[in-house]
Amino acid sequence: MTADTAQFLGIDLGGTHLRVALVDAAGQVLSAERRETDRSGPEAVIAQMVALIGAVRGPATRAPGIRALGVGVPGTIDPAAGTVLGVPALPGWGGVPLAARLREATGLPVVLENDAKAACIGEWRAGAGAGSDNVAYVTVSTGIGAGIVAEGRLLRGASGLAGELGHTRLTEQPVRCACGRTGCWQALASGPALAARAQARAVPGSRLAALADGLPVLPRHVGTAAAEGDPTALALLEEMAEWLGVGFANLQHAYDSERIVVGGGVSALLEQMRGGIEATLRARLLPGFRPALIRRAALGDDAGLVGAALAAREAWSRTMR
């Protein structure tokens, strides 16, 4: 079995959905399964994982080359111990020895990775960041998370927590973040931040109010209204583009990334905001910095799934040297 023909399993543990895929060494998804994440506790979710692994793995004669398993976790982990320390979106996940449990169930080496870093690995190795050694992956969704690749290395930091850029402070305005602090980038440029500003401006008779039809205004409503030329929606996207651009400029000043890959639900609006983001980058970057290429994530929702499998591939490859 060579590295080129080996196969790997990736798990994307989400607060809403659990997904498992069989992935080849190049990052291509060979088969995948998903179901709603059981919220009753870790034991039920681990049972779900094992069942889904069996579904994508199939008979041993169908997938004899599986070498390792990677799990993307939407929370804090101890990678060396293989332990989940906490998952904000799911109850009861403090101190769960997930790697050991899955290793016992599957007989495979197991690697745990933070979900944003897993998505970064996926886009770097098999998506919009492929071919570059200096890539930043930024997911803009319910929150803002990031993974940073510098000179061909994924940065982890002293505690393994490098990349929490959503909680860098951008303003003195008393805009409260979900973390409890104020002025965070996430509080200004995430999906909920855009939705909150849009809701405040969706007065009766406005296009935004009509699109929402009595329900809360969502970022996609802003995108639709902006595409129709609605002035309020266009102004909202201009403001959002500026906040994203400010955060991207800070990111470039820190890491000098060649590419910034944008994932998450808000990435669907990237083309509508591209001009504003790039203008802000040009205005804020110091002389000598070239604005990064801004690209939408190529793997979409599969970035974390593929990245988890490729993290397992890299760990397995190290044992083969």
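Angles between axes under 35 degrees count as roughly parallel, over 145 as roughly antiparallel, 65 to 115 as roughly perpendicular, and the rest as oblique. The axes are lines fitted to C-alpha atoms, for helices over the stretch in contact, and angles run from 0 to 180 degrees between N-to-C directions. The model is predicted: local features need pLDDT of at least 70, side-chain atom pairs count only at pLDDT 80 or more, and totals for chains, interfaces and linings use all residues. Residues are numbered from 1 along each chain as its sequence is written, and side-chain values use heavy atoms, with hydrogens and water left out.

Helices (H or I, at least four residues) and strands (E, at least two) are DSSP runs, numbered from the N terminus. Two strands pair if DSSP finds at least two bridges between them. Strand E2 (residues 17-24) pairs with E3 in the antiparallel sense over 7 bridges. Leu-18 has Arg-35 in E3 as its bridge partner.

A second open sheet was examined next. Its 5 strands follow the order E10-E9-E8-E11-E12, and the pairing is mixed. E10 and strand E12 (293-296) are the edge strands, each pairing on one side only. E9 and E10 run antiparallel and are joined by 2 bridges. Val-149 has Leu-154 in E10 as its bridge partner. H3 packs on this sheet and touches E8, E9, E10 and strand E11 (259-263), in a direction about 50° from that of E9. Helix H9 (residues 270-284) lies across E11 and E12, at about 160° to E12.

Contact here means heavy atoms within 4.5 Å. The axes of H3 and H10 come within 6 Å and cross at roughly 80°. H3 and H10 are therefore roughly perpendicular to each other. Residues of H3 in this contact include Ala-118, Ile-121 and Arg-125, and those of H10 include Val-306, Leu-310 and Glu-314. The contact divides into 9 nonpolar, 3 polar and 4 charged residues. Ala, Val, Leu, Ile, Met, Phe, Trp, Tyr, Cys and Pro count as nonpolar, Asp, Glu, Lys and Arg as charged, and the others, Gly among them, as polar.

Pockets were searched on a 1 Å grid over the protein atoms alone: a pocket is an open set of points with protein on both sides within 12 Å along at least five of seven lines, the probe is 1.4 Å, and lining residues have an atom within 4 Å of a point. The largest pocket holds about 1600 Å³ of space. Of its 50 lining residues, Pro-74, Asp-115, Ala-116, Thr-139 and Ser-141 lie nearest the centre. H3 gives the most to this lining, with 4 residues. The lining has 16 nonpolar, 24 polar and 10 charged residues. The second largest pocket holds about 400 Å³. Among its 22 lining residues, Val-111, Glu-113, Arg-156, Ala-311 and Arg-318 lie nearest the centre.

Methods:
Points joined across faces, edges and corners; volume = space filled by probe spheres on them.
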